[in-house]
Every structure is written in structure tokens, then in C-alpha cells.
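My notes are below the display.

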Amino acid sequence: MTPGGGLEQILVGEIRGLIHRLILFLGGPAKVEALLLTYKESLESGGHAPEYVESCLKKRHPWWETLEYFVELDHACKTISDNLTPELELLAADALMVNRMRKGMPAGVRTRLAAGLTDYTTANGTLYELATAWRYFRRDHAISWGEGDDGPGFSVDTGSLDFDVACGSVRDAQQDTIRGCLDDASERMRGRFRPGLIACYIDGQAGMEGPESSGVLSAATGAFFAGEDNAHVAAVMFGTWTRAGDSGVRDAAVFRNPSCGYNVEGFDFLGGTK
């Protein structure tokens, strides 16, 4: 298989090792199996309608269903090749993304990201942060991870441009909510004297298409860019999907700041090239 838009070739024989290393990143087999047990109990408790379980509860975390399947295969000593599913392929692609980038992360950053990935309320937003960094990392751009809670998530050095990235997420895709997310991210990058990119994950939304969605995003970013204090933010990128095996330019909409105080002319914030 070839996840990541053909940029990476993952052999079937590598999948088990990739996912095992992902489990170690999340805290180890005992912790992951405890989380899976809690997840399974949550599906069975509360008397939820089967439709709600399938359409909502099972989709709150993008990995738990597939990890549960993988653990069952592992315990039964079954081969991946005979039991390969599209979901296992996507999980392996996500695992490759995490495993490749974790080597350059300080210990505190690994702890923060692992905590975000194991909480269903923050898993998608954390995956979006990782997928945003992966967008540049897989093009051989240098990634420097921020260790504090009051700064950008990471910085990117492409050789032609060095910029900060602050990630945020919203579930209520209303203009005021989006504007608040942009303001919070801008504050974390203010005063660093280099251009910034805000990557905002719109949780619970399938895509960016349609005039209504585009209108809300345009209005929110237009109001945000009108503030003189935000001239350090070169662009805002909105995204709705994070899976490494299904990423591409279609999963993002980028708005450039016309009054940015830095020279970013001709820079492509989706591809990282000038």
C-alpha cells in the first residue's frame, strides 16, 4: 500500500511493528488495553440507540475501533497479511507519521501529544497538529517543537522561510468561535518576530466546500486580519481531516494575510515552497 499520497511505501510486514511502536508512544500495551476497555464499556453503557453508537460514539476517536481489532489479532497470533483491512492501513500510516516525527520531539512534547491522543475529546485536534507538522516534515523541512503551553506548537524552517505554527480546534464552526480560536493562537505567537501560521481544525465537519462554510471562514479571517496586532500572522489554514493516509490539499483552505509584516510573497503554506 502507499499511504500519504504516494510519498511513503509501507509493506504489509511492517504494519505490526509500526502499530506496536505507536502503542508504546501512547503509554504502552497495558495503558492502551485499559483505554480500550473503558471505550468498550462506554459503548455498552447508557442504553444508547445502536444508530447513535455507530454514527457518533464509535467515531469520537479515530483509532480505538482499529486498535481493538489489532490487539485481538495480536493476542490470537494472527497474521496481518491475512486480516488486513483499509482501517489497519490508515492506522499504520498514522503510526508511521507519529514514529517518524517523535524522534525530534523533546520528552515534554511527546508526553503532551500522547495525552492528547489518548483523550477522545482532544484526539482529532492533536492528530491535526501532527498532520500539519507532517505536511512539512515529509518534505524534509526542519521541525522544532515548542515545549511550553504559551507558545507555538512548532516552528518550520524550509530554507526559504522560517515560521511558527500554532494549532487550535473548534467544534462550533460559528464566526465568533472561530475568531476566538484565531485570537488565542495569535497571542501564543506574538512577539517572536517571525511570521506565523495558524492551523485551525474544524471538528465534526466533513469538508470546506459550499458557500456557507466559505463565507463563515472568510468573514472570521477577514475580521481577524483587520487587527493591527495580528500582522505577524501570515496565513490561517483551516482543516477538517487529519488521517495521514488520506491527506492532501483538498483537506485545507488557506487565507493569506494581506497586511502581514513579513515578506511571504509566493510562499505556499500547503506545500512549504516559494
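These entries cover the helix, then the cores, then the cysteines.

I worked on a predicted model, where local features need pLDDT of at least 70, side-chain atom pairs count only at pLDDT 80 or more, and totals for chains, interfaces and linings use all residues. Numbering runs from 1 along each chain as its sequence is written, and side-chain values use heavy atoms, with hydrogens and water left out.

**Helix H2.** I took helices as DSSP runs of H or I, at least four residues, numbered from the N terminus. H2 covers residues 29-44, 16 residues in total. The expected span is 1.5 Å times one less than the number of residues, so H2 should span 22 Å; its end C-alpha atoms are 23 Å apart, which agrees. I then looked up burial (buried is under 20% relative accessible area, exposed over 50%, with a 1.4 Å probe, protein chains only). Val32, Leu36, Tyr39 and Leu43 are buried in H2. They cover an arc of only 60 degrees around the axis (directions from the axis to the C-beta atoms), which puts them on the same side of H2. Ala30, Thr38 and Glu44 are exposed, on the face turned away from the buried side.

**Cores.** A nonpolar core joins buried Ala, Val, Leu, Ile, Met, Phe, Trp, Tyr and Cys residues through side-chain atoms within 4.5 Å. The largest has 61 residues; Trp63 and Phe163 are among those with the most contacts inside it. Helix H5 (residues 86-102) gives the most to this core, nine residues. A second, separate core has 17 residues, including Val170 and Val233.

**Cysteines.** I counted zero disulfides, taking a disulfide as two cysteine sulfur atoms within 2.5 Å. Cys181 is in none; the nearest cysteine sulfur, that of Cys200, is 3.7 Å away. Cys181 is buried at 11% relative accessible area.

Conventions
Helix = DSSP H or I, 4+ residues; strand = E, 2+ residues; numbered from the N terminus.
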